[in-house]
Amino acid sequence: MAVGLTVEEGKSLMRQYCNFQERCHKDVRTKGLGLGFRGENLEEIIAAMISEGLLDEERYARALARGKFRNNYWGRIKIIHALKQHAIPEYCIKKALTEIAEDDYQATLKKLIAAKQKTISSSLKDQQKLITYLLQKGFEYESIQSALLMER
């Protein structure tokens, strides 16, 4: 814990923290608490980050959704859970999901199916493994089923 930091020093540290990558309110609050800020001082720092445009829940949610979908190939369910873990409001979650085009979503699902099918047999047990894998990636069961039917 950093002892003796002024609010201005805290704001400076938080500016660097927020400039490095997109952050949500929960991340900044946790970092502020770690630096030893409490109560009104912490709220002042968070308010400053918001007013300076460094902290925006909707922008954070959209960036997380885009990144997790494009880089990690996560489905909507897993993205929603990740956003909820960061205490993102429901409105922002809905906005974030608009970042994923339905065509891209279906194409990614088909790509994951094709890649996984190369490593497994066509047995019923392996098909269950494929479905489980896709569910763990956060894709909806109905989407998985319709994509698998199209593959046949």
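**Exercise 1.** Which orientation do α7 and α8 have to each other?

*Solution.* Helices α7 and α8 are oblique to each other. The class follows from the angle cut-offs: under 35 degrees is roughly parallel, over 145 roughly antiparallel, 65 to 115 roughly perpendicular, and the rest oblique. Helix α7 spans residues 102-117 and helix α8 residues 124-136; their packing angle is about 140 degrees, with the axes 11 Å apart. Axes are lines fitted to C-alpha atoms over the stretch in contact, and angles run from 0 to 180 degrees between N-to-C directions. Helices are DSSP runs (H or I, at least four residues), numbered from the N terminus.

The model is predicted; local features need pLDDT of at least 70, and side-chain atom pairs count only at pLDDT 80 or more. Residues are numbered from 1 along each chain, and side-chain values use heavy atoms, without hydrogens and water.

**Exercise 2.** Which residues of α7 meet α8?

*Solution.* From α7 come L109, L112, I113, K116 and Q117. Their partners in α8 are Q127, L130, Y133 and L134. Contact means heavy atoms within 4.5 Å. Sorted by class, the contact has six nonpolar, two polar and one charged residues.

**Exercise 3.** Where is Y73, and is Y73 buried, partly exposed or exposed?

*Solution.* Y73 sits in the loop between α4 (57-72) and α5 (76-85). Its relative accessibility is 28%, so Y73 counts as partly exposed (buried is under 20%, exposed over 50%, partly exposed in between; 1.4 Å probe, protein chains only). Its phi is positive, near 60 degrees.

**Exercise 4.** Where is A87 found?

*Solution.* A87 lies in the loop between α5 and α6 (90-97). Its phi is positive, about 60 degrees, although A87 is not a glycine. Most residues other than glycine have a negative phi.

Note on methods:
Helix = DSSP H or I, 4+ residues; strand = E, 2+ residues; numbered from the N terminus. Nonpolar A, V, L, I, M, F, W, Y, C, P; charged D, E, K, R; others polar.
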